[in-house]
Amino acid sequence: MTSLDPASRADPVPAVPKAAETPLRRFVSDYCDSRLAVGAALLLAVIVLVALLAPWIAPQDPYDLAVVSIFDARQPPGAQSMDGYTFWLGTDGAGRDLLSAIIYGLRISLSVGVASGVIAIIVGMTVGLLAAYAGGRTENLIMRVVDIQLSLPAVLIALILLAILGKGIDKIIIALVIAQWAYYARTVRASALVERRREYVEAAACLGLSHARIVFRHILPNCVAPLIVVGTVQTAHAIALEATLSFLGVGLPQTEPSLGLLISNGFEYMLSGKYWIAVFPGVALLITIVSINMVGDQLRDVLNPRLQK
Amino acid sequence: MSDAPLLALEDVSKRFVRRLDAAEKIVNLLGGNRREEVVHAVDSVSLGIREGEVVGLVGESGCGKSTLGRVVAGVHAPSAGKVLWRGRDVATMSGAERRDATLKIQMIFQDPMSSLNPRMRVRDIVGEAPRVHGLVSGEEVSDYVDAMLLRVGLDPAIKSRYPHQFSGGQRQRIGIARALAVRPDFLVCDESIAALDVSIQAQVLNLFMDLREDLGLTYLFISHDLGVVEHLADRVVIMYLGRVVESAPAAELFADPNHPYARALLDEVPRIDTRKRIFQPVKGEIPSPLTPPTGCHFHPRCPHAKPRCSAEAPALREIAPGRLSACHMNDG
Amino acid sequence: MIRETVLEVSDLKTHFFTKAGVAKAVDGVSFSLGRGEVLGLVGESGSGKTVTGFSLMGLVDPPGRIVSGSIRLGGEELVGRPEEAWRTLRGRRIAMIFQDPMMTLNPVLRIDTQMIEAIRAHEDISREAARERAREALARVGIPSPDERLAAYPHQFSGGMRQRVAIAIALLNEPEVIVADEPTTALDVTIQAQILYEVQKLCADTGLAMIWITHDLAVVGGLADRVAVMYAGRIVEQGPVDAVLDAPFHPYTHGLIGSVPSHNRRGHRLTQIPGMAPSLLHLPPGCSFAARCPRADAACNEMPALTELSPGRGARCHHPHLAETATGGAA
């Protein structure tokens with residue numbers, strides 16, 4: 001450097017008179033444009049909180065056989081138990097307090113959905129980035145596998161896998177990951193292909209940065225937005241898929257009832273007029289999935305680069 | 001200024017091939033006639049740039065000037081030919097030597113929106129490479145970034161902001177600071193001011209001239225704007241459809257262009273100091289680089305074309321000391 | 001030369017009512033346009049030149065709207081007319097050419113279909129007659145073998161040819177005024193020259209009046225009769241093109257011309273205008289150029305009026321470059 005005195009030469013350009021604004025703050029303010037979406041996010045937060053705090057807020061531990069009495073079976077909403085407390089949402093066929101069962105079921109449904117989502121994102125993201133950056137044969141091979149996978153219904157794939165693997169939370173998570181990674185791989189590849197051609201990636205190459213650094217520090221952070229959107233919607237799908245599988249009896253064991261299993265258990269009582277055993281878990285499932293999807297929709301609007309100023 | 005070129009291109013070509021996809025291969029099996037599309041973006045270009053020189057590279061869309069710039073900057077590897085940095089072939093370099101050559105040649109891009117990573121703060125955009133390459137130590141990075149920002153006329157207080165918070169001119173300055181941070185000797189400017197407003201263009205052009213004076217930088221200045229090139233360049237190279245058609249010292253070229261395309265180009269440029277004239281455009285369109293004309297690429301539009309021009313491509317030869325032109329008319 | 005006035009714009013204001021505040025994109029613009037005249041409307045991004053063009057066409061979309069002022073086309077007031085009335089005018093009496101010709105062209109329709117529809121929307125004539133007129137329009141803008149080209153789709157044309165087709169469509173109903181918004185900015189130099197050549201011929205031959213919106217002073221210098229320079233939503237200077245470019249009154253015009261590299265200042269530093277244009281949301285109360293102006297003083301805290309400083313020439317400035325105009329201003 002021969003001269004570091006700028007004052008005599010270039011005009012210091014006045015900075016934009018705006019408070020330092022991080023992408024996160026901008027994102028939050030954009031998200032809050034829709035009241036409905038804020039409501040959905042709050043509702044979702046409450047649902048997650050309830051699921052997390054289940055042992056402390058559920059009136060009864062539905063897994064504790066000492067508390068559950070078969071004599072309380074199939075009580076309607078509002079009925080009193082033998083021990084004198086109220087079953088606000090009634091009881092199921094085994095005499096469990098339905099409200100507690102739903103709270104615990106929510107906990108299982110959500111954790112299965114989120115765990116499978118996170119693992120599927122990691123797998124899909126890696127594979128998608130690899131495809132986009134490597135190109136050629138590798139890309140072709142990966143994308144054909146993705147195409148084949150996406151052409152089969154997810155339920156079918158999961159059913160086949162569970163038939164082979166058997167029951168259990170770990171098994172269903174594996175099945176859901178395998179049924180879903182392809183969505184993420186396709187999403188990441190599509191945005192990575194676009195980002196790869198941007199001039200800032202060429203600039204990074206000029207600056208002698210390593211391939212790993214370019215892929216993970218430069219390209220990946222710019223592919224996260226669509227991934228978040230797809231991730232939210234896919235998590236809702238995963239929860240619904242798990243419920244479907246449990247309803248069909250191939251998902252979780254009876255000892256760990258998720259919402260789907262509760263619905264399935266209650267289904268046989270529908271015709272005898274004991275609607276609550278199936279309907280309340282169903283409503284819980286519906287509210288959960290709709291709120292996740294509404295959050296996802298708003299995220300898509302906010303994070304869509306074409307709609308950004 | 002030494003006589004040996006700082007950077008030299010020897011018969012550099014760059015081809016882009018679009019291979020057939022599976023569907024097209026099936027069409028061919030069924031008797032279709034699909035071919036691979038090959039674009040000769042750069043066709044056997046030789047060029048030497050001396051230390052401290054500013055070379056202007058001029059041409060219209062599809063002439064390969066941006067591709068040539070990217071070959072020089074090391075973003076694209078040439079399909080054929082050699083890029084020599086201080087007399088050494090870049091392709092045969094390895095390890096530290098190659099890294100040094102990479103860092104010494106930096107590029108300033110056209111689009112101030114897409115040339116900065118939107119997810120990074122200014123301090124990381126400018127400071128990342130010097131830190132990674134160990135040009136400055138961890139605790140010095142912050143001061144170093146400040147110095148770079150001052151150098152390009154920006155207030156260091158802005159360094160924790162993101163690119164979207166700046167105007168086009170400011171973003172372009174950040175891109176220049178990023179390049180300067182790895183202490184380059186050579187800048188490739190690819191239409192670096194084309195996207196800016198006129199008054200901002202002048203600011204950035206002046207910055208380029210100051211940097212040249214203060215840091216002794218050498219430039220390859222790629223532009224479609226002849227006025228800008230005339231203002232800045234010592235020597236001007238004109239490309240048409242992948243080939244160099246004329247190369248001459250700026251003053252001589254603008255006073256007396258030799259190649260018919262160079263002449264046409266100079267005539268067409270609207271200039272603020274020659275106005276309300278009658279436009280007398282060259283006829284015809286710029287041919288597609290996918291199917292360039294035979295012989296001299298310019299012959300379908302050339303007012304002086306002879307039968308020979310469509311049969312044989314003219315060689316780029318010296319017509320006066322320091323002046324090269326590729327036209328059959330020079331053969332007398 | 002006295003020309004019959006075709007278009008008269010006075011004190012036009014188009015504001016955008018955004019969440020962040022009111023952006024005064026066009027704030028009191030006045031000019032007139034004579035038959036066969038080309039007016040260059042010059043400005044940098046955000047100066048309001050494009051919004052002015054869209055206002056003339058009645059194409060300003062919410063949250064923007066024309067707040068006040070008047071646009072008189074052939075003596076007829078356009079401001080305040082219902083959308084219906086604008087629609088019958090657009091394309092017939094006043095037409096627009098965009099920077100991207102695909103704004104005009106429909107990618108899935110053949111050129112002849114589009115052109116014939118454009119004619120028959122305003123006039124009750126047979127398809128054959130309309131087609132013939134379309135063919136003539138294509139020939140007039142220098143498109144070779146117009147008969148074949150009529151049957152082509154827009155993607156079969158190059159960028160320059162597409163822009164010619166867009167111009168031909170604008171010409172179809174023989175409008176009185178064409179508003180051209182940076183129509184050659186995206187084109188190569190030799191192709192731009194071809195289009196400028198056709199436009200020059202058209203205006204001279206047919207008496208068509210044109211507003212040529214651009215950021216490029218050099219193009220205006222070669223093409224326009226008069227020039228209006230816009231800055232932050234207002235016209236800061238206007239007058240005959242030679243006079244303005246040779247000896248500008250307004251310091252902004254002065255700086256802008258100094259920013260353009262030219263023959264005689266090779267290798268020297270360009271005169272640069274410091275800083276950047278103000279945000280239209282937060283305009284200063286006085287002259288909006290004052291913060292960047294070398295001549296600014298306390299007087300500039302008050303908005304200067306557009307005053308006539310020599311016959312046919314005006315500037316909006318308290319401290320115009322008058323001394324230098326003694327020689328150049330007479331033109």
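Predicted model: local features only at pLDDT ≥ 70, side-chain atom pairs only at ≥ 80, totals over all residues.
The contact between chain C and chain B draws 46 residues from chain C and 40 residues from chain B. Together the two chains bury about 3,900 Å², and 56% of this area lies on carbon and sulfur atoms. One salt bridge is found across the interface of chain C and chain B. In this salt bridge the side chain of D210(B) meets that of R269(C), at 2.6 Å from N to O. On the side of chain C that touches chain B, the elements that give two or more residues are α7 (189-206), α8 (217-223), α9 (241-246) and α10 (251-259) of chain C. The most is given by α7(C), which supplies nine residues to this side. Sorted by class, the side of chain C that touches chain B has 20 nonpolar residues, 17 polar residues and nine charged residues.

Within chain C, an open sheet is formed by four strands in the order β2-β1-β4-β5, with antiparallel pairing. Its edges are β2 (21-34) and β5 (76-77) of chain C, each of which pairs on one side only. Strand β4(C), residues 64-73, runs antiparallel to β5(C) and is joined to β5(C) by two bridges. Here R72(C) lies opposite E77(C), a residue of β5(C).

In chain B, strand β8(B) covers residues 218-223 and is mostly covered, with six of its six residues buried. In a regular strand, side chains alternate between the two faces of the sheet. From β8(B), T218(B), L220(B) and I222(B) point one way, whereas Y219(B), F221(B) and S223(B) point the other way; all of these residues are buried. Strand β3(B), residues 54-58, pairs with β8(B) in the parallel sense over five bridges. Strand β7(B), residues 186-190, likewise pairs with β8(B) in the parallel sense, over five bridges. L220(B) has a place in both pairings: this residue of β8(B) is the bridge partner of V55(B) and stands opposite V188(B).

The loop between β7 and α7 (198-215) of chain B contains E191(B). With a relative accessibility of 7%, E191(B) falls under the 20% limit and therefore counts as buried. Apart from neighbours within four places in sequence, E191(B) is in contact with K65(B), Q110(B), I222(B), S223(B) and H224(B).

L261(A) is located in helix α10(A), which comprises residues 259-267. The relative accessible area of L261(A) is 5%, which is under 20%, so the residue is classed as buried. When residues up to four places away in sequence are not counted, L261(A) touches S246(A), L252(A), P253(A), Q254(A) and E256(A). V290(A) lies 29 residues from L261(A) along the chain, and the C-alpha atoms of these two residues are separated by 19 Å.

Terms used
Residues numbered from 1 in each chain as written. Chains lettered and ligands numbered in written order. Heavy atoms only, no water. Contact = heavy atoms within 4.5 Å. Buried area = accessible area lost by both parts, 1.4 Å probe. Salt bridge = Lys/Arg side-chain N within 4 Å of Asp/Glu carboxyl O. Nonpolar A, V, L, I, M, F, W, Y, C, P; charged D, E, K, R; others polar. Pairing = 2+ DSSP bridges. Buried < 20%, exposed > 50% of the residue type's maximum accessible area, 1.4 Å probe, protein only.
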